[in-house]
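Subject: Structure handover

Hello,

Here is the structure for you to work with. My notes follow below it.

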Amino acid sequence: MDKGMESQFVNPLIEDTRQYKTADSCIMVIFGATGDLTARKLVPALYNLAIEGQLPAHFACVGFARRDKTHDDFRQEMHNAVNEHSRIQPVDPNIWQTFSEQLFYHRSEFDNDDGYKELNEFLKQLDAQFGTKGNRVYYLSTQPSFFSNVIENLKQHHLIYDTNQESEKWSRVIIEKPFGHDLNSAIALQNEITTYLDESQIYRIDHYLGKETVQNLLVFRFSNPIFESVWNNRNIDHVQITVSEDIGIGTRGRFFEEAGMLRDIVQNHMMQLLSLVAMEPPVSLKANAIRDEKVKVMESLRPFSRKKLDEVVIRGQYGPGYIDGVQVKGYQQEENVSRASQVETFVALELFIDNWRWTGVPFYLRAGKRLPKRATEISIAFKDAPGFLFETQNAKIDSNVMVIRIQPDEGISLKMNCKVPGVGSPIQPVKMNFLYSSYFGAISPEAYERLICDCMSGDSTLFARDDEVLASWRQFTPVLEYWESTPPKGFPNYQAGTWGPQDADALIAAGRRQWRLI
Amino acid sequence: MEGLETIKGYLFNLIIYTDQKRRSAYFHNLVHTFIEKYPCRVIFIQGDETFKGDHLETCRVNPTGIGNTCDQLTITASPSQLACVPVVILPHLVPDLPIYLVWGQNPTSENPILTQLQKLSSRLVYDSECANNLQDFSKKMLSMIERIKIDYMDVDWAEISGWRNVITQTFHSAEKFSLLKRCKHLLIKFNKIDDQFITHFATQATYLQGWLAGQLEWKYQSIEYNDDTITIHYKNGEIDLEVVLQPQERSTLIQGKIFEVDWNTIDNLSVTLSLAEIQSKVMVYFSTPEQCNLPFSLPFSDIQKGLNAMKEIFYFRASDHYYNMLRVLSTIPWKQN
């Protein structure tokens with residue numbers, strides 16, 4: 001049947017009341033398959049997709065790494081990993097058996113020409129065996145320095161297709177953050193990979209976008225006009241976004257010494273949260289319609305003034321302290337961290353978005369390690385009510401605050417004021433609270449499950465676009481350059497288990513506000 | 001915290017009505033499927049013809065094994081008191097939340113309270129298991145659908161949603177779809193075991209073939225019964241098509257559940273969809289007399305699982321396909337039960 005007839009074909013079995021979103025048949029090749037991410041997240045995600053029946057009808061997965069292993073070695077290791085990290089427990093032996101028969105291992109260095117030739121032949125065999133039609137997802141779970149090398153080799157060995165070939169089969173590349181380490185490197189990386197790939201083939205993963213609660217931001221904002229009508233500078237005093245971790249850097253010392261908190265969390269995850277909170281309603285739910293609005297937010301960010309940088313961007317580093325009553329070491333005592341490290345484990349900053357909706361509304365962002373608790377939340381503090389009505393009662397009227405809790409205790413709460421029952425009684429703030437766990441018993445898929453499935457379906461909505469990434473780097477590269485030239489004074493400057501350095505309190509106090517106690 | 005009662009939030013109100021004790025246990029089980037994952041206020045109305053005179057009794061219970069996650073109000077009423085029930089339940093409905101009415105009777109038969117309860121409800125869910133005459137049921141449903149102002153869902157239509165999905169995905173392309181146009185034989189195998197709750201065990205199979213007939217515009221010719229096997233003859237364009245609904249015992253499946261669908265075409269192509277043992281996938285086999293293609297699997301959503309049940313019964317709307325299916329079924333003189 002020719003393609004013209006195919007494109008005109010309307011299947012009468014399709015019901016208009018249902019959405020059909022199935023991942024297309026494909027082979028996923030994971031580069032860096034012996035790494036931590038594959039074991040903790042990627043293969044458990046694939047296994048959970050298999051359990052839920054969301055893996056494509058025809059599928060295989062190949063781990064690509066330099067260590068010497070057989071297929072069975074790799075399957076056994078992944079079995080152990082799934083036993084430990086799978087969302088759905090216990091591991092079903094029947095499903096694991098079927099799933100593991102789709103797992104393979106290919107040994108090669110990333111720059112070995114023969115390795116790619118052999119990979120190509122192997123994938124063709126798997127196409128014949130599994131019916132995967134030549135479709136490919138390449139997951140680069142590697143250091144960013146390998147991206148260009150791997151992509152170039154994939155292209156040269158015809159493992160990545162030109163987009164004009166993609167009416168019959170497709171190829172997509174998922175790359176993990178960080179996308180560069182500053183603006184110039186991000187541009188260079190973008191230029192390198194777009195030599196071989198079209199933007200439509202690139203899926204920049206930010207796992208925050210795969211979280212159920214982050215996806216709910218769009219639904220919450222744009223299906224509830226009551227909130228959207230007050231979501232602006234006439235009603236909102238300020239916004240706080242917090243990404244707080246009680247853990248330290250663990251075994252990621254080597255990586256963290258190169259990255260720091262600004263690169264690891266603020267430049268990517270927090271900017272995604274900010275853009276979803278601040279964006280205008282999209283014209284549709286198509287990927288680019290949403291991403292267009294997010295980019296507009298990024299491009300409206302007021303650049304930092306170099307003169308005031310120390311006042312509006314605060315950096316910190318944790319010293320020894322206590323978490324949950326247990327003594328913990330300071331950052332400089334962590335494994336693979338320099339004893340004189342100047343890398344920040346905490347960032348707090350004040351941002352402004354210069355557009356009609358947000359002019360004059362400060363956005364306070366803070367992210368840190370070894371803070372008192374693990375929490376990611378967005379709090380919207382509304383403007384105070386005119387106080388004259390309740391002056392005679394000496395009543396302190398709290399401002400309304402809406403909190404969107406991303407993790408843990410996922411949900412949304414709204415603080416409002418109520419009269420305490422009784423004669424002449426004070427006014428008491430109370431909370432309306434929606435908790436996901438109270439309403440929905442079903443366990444949400446992990447972020448990686450959703451994102452991998454979306455990539456296989458060709459849906460890029462939840463992946464970062466090139467202009468989003470570059471706009472974010474444009475905002476933060478001057479900060480990084482300033483920090484590079486101006487070493488911090490007095491690191492470490494906060495005790496583990498506290499809410500960060502005092503300068504962070506001063507930052508928000510300068511606006512006569514204070515950080516929300518989480 | 002241990003020792004403290006935890007109250008979950010309500011997502012919706014669920015009103016269930018039946019006057020058959022046989023069906024009570026079935027609906028209680030169905031409620032359990034939902035409330036384990038989706039807490040709701042349950043109002044269970046049991047009409048009881050054994051009560052003579054005036055009898056109206058209410059009690060509040062917690063569903064067994066769920067703890068304090070939601071509450072259930074059970075109302076038992078004699079026929080003379082049924083008309084009071086819509087008023088009795090009014091103060092117990094959680095405001096601002098959807099009200100789903102599960103009607104455990106034939107919705108086309110007269111009942112004093114159905115109209116009143118429908119006025120309160122945002123969705124009517126009914127069960128064709130209650131219908132003794134499928135042709136009559138289909139005709140009356142067609143008429144009712146045109147008048148009904150609220151969303152509706154037939155539980156058996158929801159039950160076959162998994163099969164409709166996998167069939168649509170199997171024959172998704174124009175090339176694959178053309179096989180259906182050349183089909184001369186369709187065999188649907190379904191489970192038949194002794195079951196006190198479900199006596200019309202062929203309903204899901206009947207619905208599935210009715211859906212295909214409606215969408216593929218098969219023209220009904222005749223029907224035969226051979227014990228429990230039903231054979232329906234259609235015209236598929238110019239081709240004489242034979243549809244066989246064949247019960248077999250599968251003790252691991254619930255009554256009436258379809259576990260295999262086989263197509264054969266006039267050029268001897270064969271397509272088999274077979275429910276895998278794990279029941280979350282269907283294996284698909286394409287073959288010709290000369291060769292067998294490698295089988296592949298498709299995900300199968302089973303409404304025995306709470307999330308799927310919620311989606312299929314309470315969130316999705318019945319499409320035009322359901323209406324088309326009823327039109328087919330209304331033209332066929334099914335055996336009365």
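Predicted model: local features only at pLDDT ≥ 70, side-chain atom pairs only at ≥ 80, totals over all residues.

Over residues 1-5 of chain B, pLDDT stays under 50. For that stretch the model has one contact beyond four places in sequence.

Confidence elsewhere: chain B has a mean pLDDT of 84. In chain B, 90% of the residues reach 70 or more. For the complex, the predictor gives an ipTM of 0.82 and a pTM of 0.84.

Nonpolar cores

The largest nonpolar core holds 151 residues. Those with the most contacts inside it are Phe31(A), Leu46(A), Leu274(A), Leu349(A), Phe363(A), Ile378(A) and Met456(A). Helix 10 of chain A (residues 253-278) supplies the largest share of this core, 12 residues.

Leaving aside neighbours within four places in sequence, Leu274(A) is in contact with Ile241(A), Val297(A), Leu301(A), Leu351(A), Ile353(A), Phe363(A) and Leu365(A).

Helix 5 of chain A

This helix covers residues 113-130. Its 18 residues should span 26 Å at 1.5 Å a residue, and the end C-alpha atoms are 26 Å apart, so the two agree.

Both ends have something to look at. At the N-terminal end, Asn112(A) is the cap: a side-chain oxygen sits 2.9 Å from the backbone nitrogen of Asp114(A). Just after the helix, Gly131(A) takes a positive phi of about 70°.

Which residues of helix 5 are buried? They are Gly115(A), Tyr116(A), Leu119(A), Asn120(A), Phe122(A), Leu123(A), Leu126(A), Asp127(A) and Phe130(A). On the spacing: an α-helix has 3.6 residues a turn, so residues three or four places apart point the same way. The cover over the buried residues includes strand 1 (26-31), strand 2 (59-65), helix 3 (71-85), strand 3 (103-107), strand 4 (136-140) and helix 6 (147-156), of chain A.

His238(A)

His238(A) lies in strand 7 of chain A, residues 236-244. Is this residue buried or exposed? His238(A) counts as buried, because its relative accessibility is 8% and the cut-off is under 20%. Its side chain makes a polar contact of 3.1 Å with the side chain of Gln240(A). Not counting residues up to four places away in sequence, His238(A) touches Val361(A), Pro362(A), Tyr364(A), Ser379(A), Ile380(A), Ala381(A) and Arg513(A).

Best regards

Note on methods
Residues numbered from 1 in each chain as written. Chains lettered and ligands numbered in written order. Heavy atoms only, no water. pLDDT = per-residue confidence, 0-100. Contact = heavy atoms within 4.5 Å. Helix = DSSP H or I, 4+ residues; strand = E, 2+ residues; numbered from the N terminus. Buried < 20%, exposed > 50% of the residue type's maximum accessible area, 1.4 Å probe, protein only. Polar contact = N/O pair within 3.5 Å; in protein donor to acceptor, adjacent residues only side chain to side chain. Core = buried A, V, L, I, M, F, W, Y, C linked by side-chain atoms within 4.5 Å. Expected span 1.5 Å × (residues − 1).
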